[in-house]
Amino acid sequence: MTTSTPTPPSTPTLLVLDAEPLPRLGRLTGRARIEHADGSTLAERLPHADVLLVWDFTSHAVREAWPGDGPRPRWVHAASAGVDHLMCPELAGSDTVVTNARGVFDQPIAEYVAALVLAMAKDLPTTLRLQGERTWRHRESLRVAGTRACVVGSGPIGRAIARTLKALGITTALVGRTARPGVHGPGELDRLLARADWVVAAAPLTDDTRGMFDARRFGTMQPSARFVNVGRGQLVVEDDLAEALTRRWIGGAALDVLVHEPLAPDSPLWDVPDLIVSPHMSGDTVGWRDELGAQFVELFESWAAGEPLANVVDKKRGYVPGH
């Protein structure tokens, strides 16, 4: 999706919500006045910014600071695929354009999902544990070719996951917000879950998707099914998933995103049987920060030239529509 934007000032002020390491913005030297903020200073600096780069994709500071007094940036860019961490009613109802980092994480996340599927099918966690114990224990593993997957989320990330799983010989169904050629609608989700060997959550966080994987949905799945979440932590009712694994309603699960990050050392999720927990790293391959910085610079150059912006988020829906 593209949209027109107002003509920017000759030397706009770019405010960066910082996280280490800082983005490489050298190409904007002399073309923008670059200022920096953290969670404690964002509110006071927002009124003076033309553009806000939310480089710290873990921070909720934008959502907290935006409702304050004074003017607000005309464009906000999130260096992440999800934008739920920055959206608030005041931003959603404003004229400010919001863009995201669509395109940077698609294939890395798809590869990570494929790795998790293969790891669970081939029981690699047990192999590594037994190696650490110096124990030789022959076992049989599962063949992934010929199995079925249901990928929930039909955006670029979900489509990349579906392509990658199909390359492994997995018959894959894609579920989106609305039915269209190649994509099943939400009304078909339960039927597809009941047949799937692999269920992958890759949906954005919206009012419709929050908590969608609960006890009822886990009960719909086959006892041998494996569940993977690379979307948002809040898609899953974590207590229900823990119970489903403990009671063996499903065969295993992997969470790369969680409701509370980082996961506390005393969280009971660490000890849930047949659960793989990873620290929100599925899309973060070597050089990913440089890709995010380069993507923003390209968008900034388009904006400064008065050209339409790409990756424009529908602020009511919470994602880039039409993909």
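Let's start with helix α6. It has twelve residues and spans 17 Å from its first C-alpha to its last, close to the 16 Å expected at 1.5 Å a residue. That expected span is 1.5 Å times one less than the number of residues. Helices here are DSSP runs of H or I with at least four residues, strands are E runs of at least two, and both are numbered from the N terminus.

Some ground rules. This is a predicted model, so local features need pLDDT of at least 70 and side-chain atom pairs count only at pLDDT 80 or more, while totals for chains, interfaces and linings use all residues. Residues are numbered from 1 along each chain as its sequence is written, and side-chain values use heavy atoms, with hydrogens and water left out.

Back to α6, residues 156-167. Which of its residues are buried? P156, I157, G158, A160, I161, A162, T164 and L165. Buried means under 20% relative accessible area, exposed means over 50%, and partly exposed lies in between, with a 1.4 Å probe and protein chains only. The cover over these buried residues includes α4 (106-121), β6, β7 and β8. After α6 comes G169, with a positive phi near 90°.

Now the strand before the helix. Why is β6, residues 148-152, largely enclosed by the rest of the structure? Because four of its five residues are buried. The chain goes from β6 through α6 to β7, and this β-α-β crossover is right-handed. Right-handed means that, with the strands pointing away from the viewer, the path from the first strand over the helix to the second runs clockwise.

β6 has partners. With β7 (171-175) the pairing is parallel, over five bridges. Two strands pair if DSSP finds at least two bridges between them. R148 stands opposite T171, and C150 stands opposite A173. With β8 (198-201), β6 also pairs in the parallel sense, over four bridges. There, A149 has W198 as its bridge partner.

Zoom out to the sheet. Six strands form an open sheet, in the order β7-β6-β8-β9-β10-β11, with parallel pairing. Which strands are at the edges? β7 and β11, each pairing on one side only. The twist averages 15° from one strand to the next.

Two helices to look at on this sheet. α6 lies across β6, β7 and β8, at about 170° to β7. α9 touches β9, β10 and β11, and its direction makes about 150° with that of β10. Axes are lines fitted to C-alpha atoms, for helices over the stretch in contact, and angles run from 0 to 180 degrees between N-to-C directions.

α9 covers residues 238-246, and its buried residues are E238, D240, L241, A242, A244 and L245. Their cover includes α8, β9 (226-229), β10 (252-255) and β11 (275-277). Just after α9, R248 takes a positive phi of about 60°.

Next, the other sheet. Five strands, open, parallel, in the order β2-β1-β3-β4-β5. Its edges are β2 (33-37) and β5 (97-99). The twist averages 20° from one strand to the next.

Now the interior. In soluble globular proteins, nonpolar side chains tend to be buried together. A nonpolar core, here, is a set of buried Ala, Val, Leu, Ile, Met, Phe, Trp, Tyr and Cys residues joined through side-chain atoms within 4.5 Å. How many residues are in the largest one? It has 48, and those with the most contacts inside it are L14, W75, V113, I161, L165 and F296. The elements giving two or more residues are β1 (13-17), β3 (51-54), α4, β6, α6, β8 and α10 (288-304). The largest share, eight residues, comes from α4.

Take L165. Beyond four places in sequence, L165 touches V113, A114, V117, A149, V151, I170, T172 and V200. Contact means heavy atoms within 4.5 Å. A separate core has 32 residues, among them V152, A203, F213 and L258.

Last stop, R210. R210 sits in the loop between β8 and α8 (215-220). Its C-alpha is 16 Å from that of S154, 56 residues away along the chain. Leaving aside neighbours within four places in sequence, R210 is in contact with L205 and Q234.
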